[in-house]
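Please walk me through this structure in the viewer. Tell me what to select at each stop and what I will find there.

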Amino acid sequence: MNQRKHLTLIAAGAAFLSALPLWNVFEKSTWAIQSFLVVAAMCGVALLVRSLRAPTWAPTAAMVGAGLLGLTWLNSSSEEYLGIIPSPGTFKHFGSLLSTASTEMSEYATPVGDRPGFLFLATLGVAVVALIVDLFAVVLRRPALAGLPMLAIYSVPVTVTTESTSWIPFALGAVGFLWLLVTDNVDRVRRFGRRFTGDGRDVDLWEPSPLAAAGQRLGALGILATLLVFLPFAMPAGVIDSIGAGAGGGGGGIGPGGKNGKQVSMFALLSGQLNRDKAVDMVKVTNVSNDPNPYYLRFNVLEELTSRGFNAKPITGGKPVGSGLPAPGWDPSVKTTTQKASIEISNELAIYFLPIYTWPTKLEKIDNNWSFDPSTTVVFSSKQTTAKKKYTVEYTRAEITPDDLRKAPAVKDTDAALRGMMTAPANNVVKEKVAELTKGQTTQYDKVKSIYEYFTQANGFVYDTSTGGDSSGTSIADFLKNKRGYCAQYAAAFGWLLREAKIPSRVAFGFARGGTRQGQTMTLTNFNLHAWTEVYFQGYGWLPFDATPSQAIGGSVATSYLPSAANDTIDPADENLRNRPNGNPSSSAGPGAVSDPGNNPGDTGGVGGSVNGASLLKSLAVAGGWSLGGLLLVALLLSPALVRGRTRRTRLQSAAGPGPGPGPSLDKAEPGVMVLVANDQAARSQAHHAWDELVDTMVDYNVPTDDAETPRATVTRLVTKERLRDRAEQGVRLLSTVEEHARYARNPLTGGQLRSAVDDVRAAFAARASRKTRVLAVILPPSVLRRWRASTSQHSSAASLRLGQGWDKLMRAISVRRVVARRADR
Amino acid sequence: MTRHRTFEELGAPLPSPEFRAATDAIVANIEQVIEGKTATVRLALAVLLAEGHLLIEDVPGVGKTKLAKALAKSIDCSVRRIQFTPDLLPSDVTGVSVYNQETRDFEFKPGAVFANIVVGDEINRASPKTQSALLESMEERQVTVDGATYPLQIPFMVIATQNPIEMEGTYPLPEAQRDRFTARIAMGYPDMGAELAMLDVHGRHDALDDILPVSDATAVRRMIATVRDVHVADAVKQYAVNIVTATRESGELRLGSSPRATLQLLRTARAVAALEGREFVLPDDLQALAVPVLAHRVIPTAEAQLSRRTTDAIIAELVHRLPLPSDRQPRSPYDTRTAPPRGGQQQQFGGR
Ligand SMILES: Nc1ncnc2c1ncn2[C@@H]1O[C@H](COP(=O)(O)OP(=O)(O)O)[C@@H](O)[C@H]1O
Ligand SMILES: [Mg+2]
């Protein structure tokens with residue numbers, strides 16, 4: 001029972017530790033306090049129930065109950081019975097908290113504030129992990145499996161945050177898992193009592209045995225899992241971000257079933273990347289065919305609109321790119337040209353969607369891991385990312401005039417897919433606005449144009465990338481009210497309004513033009529990431545419309561069908577703007593900004609230099625932090641070796657003694673004769689040190705040790721079984737004789753060459769050991785690890801023992817059982 | 001004949017070389033008669049020096065009687081041999097008071113135990129009454145007849161032999177009685193070479209007739225004094241206690257060893273150490289002696305008996321597992337054996 005209680009405590013502790021990386025997600029630590037309270041309550045109840053000899057399911061049920069009560073107490077809805085017992089109203093409240101959390105997830109950049117939805121989600125997550133860890137580790141005794149839920153919550157911050165984060169919580173989380181593994185391994189062995197080797201010899205607690213081997217495998221697995229999660233954090237910040245982006249982008253709904261919820265990350269990716277401190281090169285595009293005016297490079301599109309915004313629909317169609325791309329079905333009257341570009345992606349962009357120009361006709365140098373979906377014109381892969389890909393794309397460019405579009409027939413709503421993209425969720429603000437804007441417009445094109453022109457600065461719209469974490473929220477209705485936002489919000493709001501007007505629309509993601517140019521090659525950075533809207537015209541298909549003010553972003557491109565947009569024309573000089581190491585590409589340099597300088601906080605012309613300086617300092621600090629962390633890690637890894645080295649030195653120094661003293665010493669005597677000295681404590685401890693060193697050396701080189709074995713028997717074994725010969729044999733005999741005298745004789749021996757004896761034996765062990773053993777003996781000496789593990793486990797069992805004693809005391813004080821027993825007796 | 005067994009009486013301890021020479025001479029002497037049984041012979045001598053008694057238990061014809069007689073004959077001291085038979089009387093062992101017509105008084109006629117070395121052959125053939133007369137004098141080293149107490153000599157050693165196979169018409173020693181013997185040894189068959197040598201040497205006549213005493217009672221007393229002087233470190237004492245405690249706590253033993261066993265274990269260990277020329281006892285000595293000194297005193301549980309586990313095997317395994325005590329290393333926290341009782345925790349809810 002005691003072991004279970006001990007494990008209960010450790011499982012709860014480990015689960016909580018594994019959630020610590022959430023620290024990087026939240027601004028404050030309220031979540032930690034709340035989660036701690038809930039986990040503590042669950043753990044306490046589990047301890048209580050486990051000390052009552054209840055059936056096996058009872059502790060788990062009790063933990064569920066305690067967790068529920070804790071959550072109710074922390075998130076009360078004033079509908080509870082007695083203020084704490086959950087009622088149906090409470091669960092409704094929980095549901096609404098969860099749904100706000102999932103809405104807000106798309107709107108808030110990390111670190112987030114103490115939003116009730118997030119807090120509830122985090123606390124619930126930690127509680128569930130604690131429950132599952134307890135189930136696996138304590139009830140089922142499979143602590144390695146307990147690593148899975150721990151890993152899940154552990155990895156949340158990795159996928160959510162795009163900024164480089166503190167690694168300490170991650171390290172603590174890893175420690176939690178290892179703690180659980182180690183303790184369980186020990187407990188598991190303890191359950192069997194003492195262990196014996198095949199020949200009946202009693203083995204030391206930490207000596208390898210079949211059981212320990214299983215434990216070691218589990219431990220290795222745990223460390224591997226930890227490393228997999230931990231590794232990204234041991235790399236420069238850019239890699240982290242691209243991995244984060246990759247994880248985010250990868251979920252655009254590829255494949256059957258779709259990875260739901262990840263589309264959130266499309267927006268998060270965009271806002272995160274646009275708000276980064278520095279520009280990183282992501283794509284290099286070479287305009288092979290001299291396209292005079294290439295449009296945006298596009299990689300993904302969101303087609304589904306719910307009240308929570310645009311989502312990715314799982315892509316179900318698609319053929320491998322090798323089988324050729326279908327030509328766009330243009331109306332024969334449309335004038336088209338074919339262009340070609342070669343594209344090179346850097347290591348910084350690792351997503352599962354290939355940036356291409358729209359209306360591609362041919363993709364080259366890209367293998368069949370990539371598929372083309374004609375309905376979305378997205379090229380995607382479920383196996384590879386774009387990192388380091390190099391390919392060419394042939395695409396058509398069409399000259400479409402506004403008049404062409406005015407003459408386009410109405411969209412046939414017989415196509416179910418299209419029909420789905422012609423309706424918007426009910427929203428009164430949007431409805432009124434659309435009715436107002438499309439009043440009197442007869443053609444689809446004019447309706448589109450009228451709505452498009454609504455998003456201009458003249459109507460009070462301001463480009464602002466910092467709205468990601470705005471307190472008012474940035475759902476589309478809010479955006480229409482506040483009129484502040486960045487490209488993704490423009491694109492989504494425009495799309496929503498179009499759908500309200502029964503016009504098929506969707507939100508596309510890609511790169512605007514810009515970046516540095518060298519001849520026909522253009523380098524695109526994270527600041528060039530962009531979102532825009534696509535509108536479906538019968539006979540023309542999906543045409544891009546970018547509602548974001550062109551002066552707000554550098555590489556905006558006008559289209560032939562919107563020649564004189566209400567937004568200002570492009571100033572080619574702007575194309576460099578987005579390369580600024582600043583998250584806000586809208587700049588006072590743009591013509592539009594002159595009219596509205598106060599609405600562009602952040603970058604104003606001349607401060608560019610100081611911004612650069614500050615960011616250099618910052619990156620230096622980051623680099624310093626990382627190298628410090630790296631040093632710490634190295635120190636941590638080397639510490640067993642260092643500790644072993646130090647123990648060895650002190651022992652051998654002490655074993656060598658203070659040098660030839662005035663008394664008789666063995667050096668002078670003839671070999672084999674030793675001199676007895678009067679009860680000399682120093683001589684005894686010399687011998688002990690030398691012997692301890694010998695035993696530790698045996699442990700280091702995987703020579704079995706046995707604490708039921710006398711020094712004499714050890715020597716016999718070393719000589720017969722381990723085949724020590726010559727100097728090593730003499731050395732080990734000397735050591736044992738001296739140790740025997742030090743332990744059991746009236747007077748210890750002195751003057752033996754203990755130090756060289758230890759060295760000889762060590763050399764003999766090393767000569768026979770495998771390379772792996774030799775390396776481990778130096779780098780991760782088993783003797784040190786064994787001692788550490790033993791003391792960890794000793795301390796944690798002492799703690800749980802104390803806890804148990806306290807508990808028993810409490811029980812005695814309350815004495816429920818006695819009362820019950822007395823009643824039962826009657 | 002009346003002696004007081006005081007330490008002074010033993011005489012001064014022998015210096016190490018002399019002790020060595022004397023003991024080696026005795027062993028060599030016995031080995032002229034008993035072929036290839038050095039360890040057994042040394043153990044027998046160790047028991048003598050540890051002031052104990054020896055029980056030789058084995059099948060017939062392996063030299064039990066021979067060993068007892070050879071040991072007795074190697075030392076120039078009083079030796080008595082009792083052949084135990086069912087009709088042997090207690091008074092034959094202890095002695096009897098007879099009325100002396102001349103002095104008109106009762107006069108004590110000492111029995112067989114009034115000797116330095118008493119060889120009790122086939123001890124399990126005698127009636128329990130006679131057996132216990134011998135066993136009492138062994139423990140108390142004195143004989144009480146008709147209210148008068150007569151102390152025995154120093155050294156005083158009983159070497160008893162018994163045959164465990166042929167059980168008909170025997171009275172096997174109860175385990176409680178066996179406790180009086182310091183050690184029980186089995187002779188075991190000689191190995192092939194030894195048996196061949198035996199044929200050569202002892203083929204024609206009894207080698208026992210050839211040997212002469214190489215030591216005497218006084219020398220043996222001084223040897224005993226030497227043995228008493230052997231150093232026993234605290235760790236070794238602790239180890240002895242641990243071993244004995246382990247027999248009491250073993251799941252396979254119904255009856256563990258007595259405190260007398262602890263005492264005799266340590267005494268014999270001293271003697272063995274001295275025989276090896278050491279001035280201190282090693283745990284190795286205790287390990288080597290655990291089976292001969294402890295195995296005949298303990299009683300296995302019914303299950304252990306059913307699974308044909310001999311007490312020798314049980315004790316050997318026990319000792320094999322028991323970690324050495326060390327004042328330098330704290331007890332391992334995972335040591336599940338013999339946890340010190342914690343203040344009545346078990347009884348807390350015991351009243352249910
Ligand atoms: N190891 C031995 N060395 C020399 N003689 C032996 C040995 N074992 C048995 N014998 C001989 O076997 C015979 C029987 O010995 P004895 O001591 O009478 O046997 P028991 O064990 O029945 O008392 C004796 O003559 C003895 O010399
Ligand atoms: Mg006989």
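Predicted model: local features only at pLDDT ≥ 70, side-chain atom pairs only at ≥ 80, totals over all residues.

**Stop 1: the ligand and its shell**

Select ligand 1 and the residues around it. The shell includes B:Val33, B:Ile34, B:Pro60, B:Met198 and B:His202. The run from B:Gly61 through B:Val62, B:Gly63, B:Lys64 and B:Thr65 to B:Lys66 also belongs to it, as does B:Glu35. Colour the shell by class: five residues are nonpolar, four are polar and three are charged.

**Stop 2: polar atoms at the ligand**

Now display distances from the ligand. Start with B:Glu35, where a backbone N or O atom lies 2.8 Å from a nitrogen atom of ligand 1. Go on to B:Lys64, which has a polar backbone atom 3.0 Å from an oxygen atom of the ligand. At B:Thr65 the polar atom belongs to the side chain, and it lies 2.4 Å from a ligand oxygen atom. On its own, ligand 1 has 560 Å² of accessible area, and the protein covers 77% of this.

**Stop 3: the helices beside the ligand**

Select helix H4 (64–74) and helix H8 (192–202) of chain B; these are the elements that give two or more residues to the shell. H4(B) gives the most, with three residues.

**Stop 4: a sheet in chain A**

Move to chain A and select its strands S5, S9 and S10, which form an open antiparallel sheet in the order S5-S9-S10. Strands S5 (319–320) and S10 (378–381) each have a single partner strand, so one side of each has no neighbour in the sheet. Which strand is joined to S10(A) by four bridges? It is S9 (residues 370–373) of chain A, and the two run antiparallel. To see one pairing, select A:Phe372 and its bridge partner in S10(A), A:Val379.

How values were computed
Residues numbered from 1 in each chain as written. Chains lettered and ligands numbered in written order. Heavy atoms only, no water. Near = heavy atom within 4 Å. Polar contact = N/O pair within 3.5 Å; in protein donor to acceptor, adjacent residues only side chain to side chain. Areas by Shrake-Rupley, 256 points an atom, 1.4 Å probe, with all protein chains shown as cover. Nonpolar A, V, L, I, M, F, W, Y, C, P; charged D, E, K, R; others polar. Pairing = 2+ DSSP bridges.
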